[in-house]
Amino acid sequence: MGASGLNTLVRTLYALQEERVEAYRLFDLGHQAYLRSAPNYDFIKYRQLVHEITQAFNRISKEVIQLKDRFHEEYDRPDLSEHIERVQEREREKLELTARLQLAKQNMLDHPGNETYQEEVQELKHRIRKTIEAINEILQDFKYDSEEIEASG
């Protein structure tokens, strides 16, 4: 398998990461709309959004795992596969933190005098920022290692 095939996989990975970013943006916008419907939350609409976003994340994740396997098995690039595995781990962490943040934001809205929820929201936002930084660092390592392909191909 040649460098052009590898470059196609690299571009596909970046496109999938962009889809993830867009899915998070839509998830956040939907959650903001849900919170604006307080105190009579439109849970049915929000539940549908969660379902659709979950399907999108699952599809993206499956495609990323297929890419990871192809980098390793077809192109003998376990280094790139390891970067992708690390991204997947951080993305799982980010999704879990995002769900916890959404619940904390709702709790903060429902219990305005309770500082515990405000502190939890700030802590979760901080952890999400740190997770995003870690994802970006891994992607930078991936980019650096994959650029060897272009130089040699």
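A: Start with the contacts of Glu 19. Apart from neighbours within four places in sequence, Glu 19 is in contact with Arg 59 and Ile 60. Contact here means heavy atoms within 4.5 Å. The model is predicted, so local features need pLDDT of at least 70 and side-chain atom pairs count only at pLDDT 80 or more, while totals for chains, interfaces and linings use all residues. Residues are numbered from 1 along each chain as its sequence is written, and side-chain values use heavy atoms, with hydrogens and water left out.

Q: Why is Glu 19 called partly exposed?
A: Its relative accessibility is 34%. Buried means under 20% relative accessible area, exposed means over 50%, and partly exposed is in between (1.4 Å probe, protein chains only). Glu 19 therefore counts as partly exposed. It is found in helix H1. Helices are DSSP runs of H or I with at least four residues, and they are numbered from the N terminus.

Q: What makes Arg 59 partly exposed?
A: The value for Arg 59 is 36% relative accessibility, so partly exposed is the label. Arg 59 lies in helix H2. Leaving aside neighbours within four places in sequence, Arg 59 is in contact with Leu 16 and Glu 19.

Q: Why is His 83 called buried?
A: The relative accessible area of His 83 is 9%, so it counts as buried. His 83 is found in helix H3. Residues up to four places away in sequence aside, it touches Ile 138, Asp 141, Phe 142 and Asp 145.

Q: Why are Phe 71 and Phe 142 called an edge-to-face pair?
A: Two numbers decide. Rings of Phe, Tyr and Trp (its six-membered ring) pair if their centres lie within 6.5 Å; planes under 30 degrees apart count as stacked, over 60 as edge-to-face and the rest as tilted. By this rule there are 5 aromatic pairs. Tyr 24 and Phe 57 are one of them, with 4.7 Å centre to centre and 55° between the planes, which is tilted. The partners come from distant parts of the chain: Tyr 24 is in helix H1 and Phe 57 in helix H2, 33 residues apart. Tyr 24 and Phe 57 are both buried. For Phe 71 and Phe 142, the centres are 5.7 Å apart and the planes are at 80°, so this pair is edge-to-face. Phe 71 lies in helix H2 and Phe 142 in helix H4, so the pair ties together parts 71 residues apart in sequence.

Q: How do you know whether Phe 71 and Phe 142 are buried or exposed?
A: Phe 71 has a relative accessible area of 0%, so it is buried. Phe 142 has 1%, so it is buried too. Ring pairs also link Phe 71 and Phe 142 with Tyr 14 into a cluster.

Q: What is the phi of Asp 76, and what kind of value is it?
A: Phi is near 50°, a positive value in a residue other than glycine. Asp 76 lies in the loop between H2 and H3. At 59% relative accessibility it counts as exposed.

Q: What kind of peptide bond joins Ala 38 and Pro 39?
A: A cis bond; omega is about 0°. Pro 39 lies in the loop between H1 and H2.

Q: Which residues of the largest pocket lie nearest its centre?
A: Tyr 24, Asp 28, Thr 98, Leu 101 and Ile 128, out of 15 lining residues. A pocket is an open set of points on a 1 Å grid over the protein atoms alone, where a 1.4 Å probe fits and protein lies on both sides within 12 Å along at least five of seven lines; lining residues have an atom within 4 Å of a point. H1 gives the most to this lining, with 6 residues.

Q: How confident is the predictor?
A: The mean pLDDT of the chain is 94, and 96% of its residues reach 70 or more. pLDDT is the predictor's confidence in each residue, from 0 to 100. Confidence is lowest in H4, at a mean of 92, and highest in H3, at 97.

Note on methods: Helices (H or I, at least four residues) and strands (E, at least two) are DSSP runs, numbered from the N terminus.
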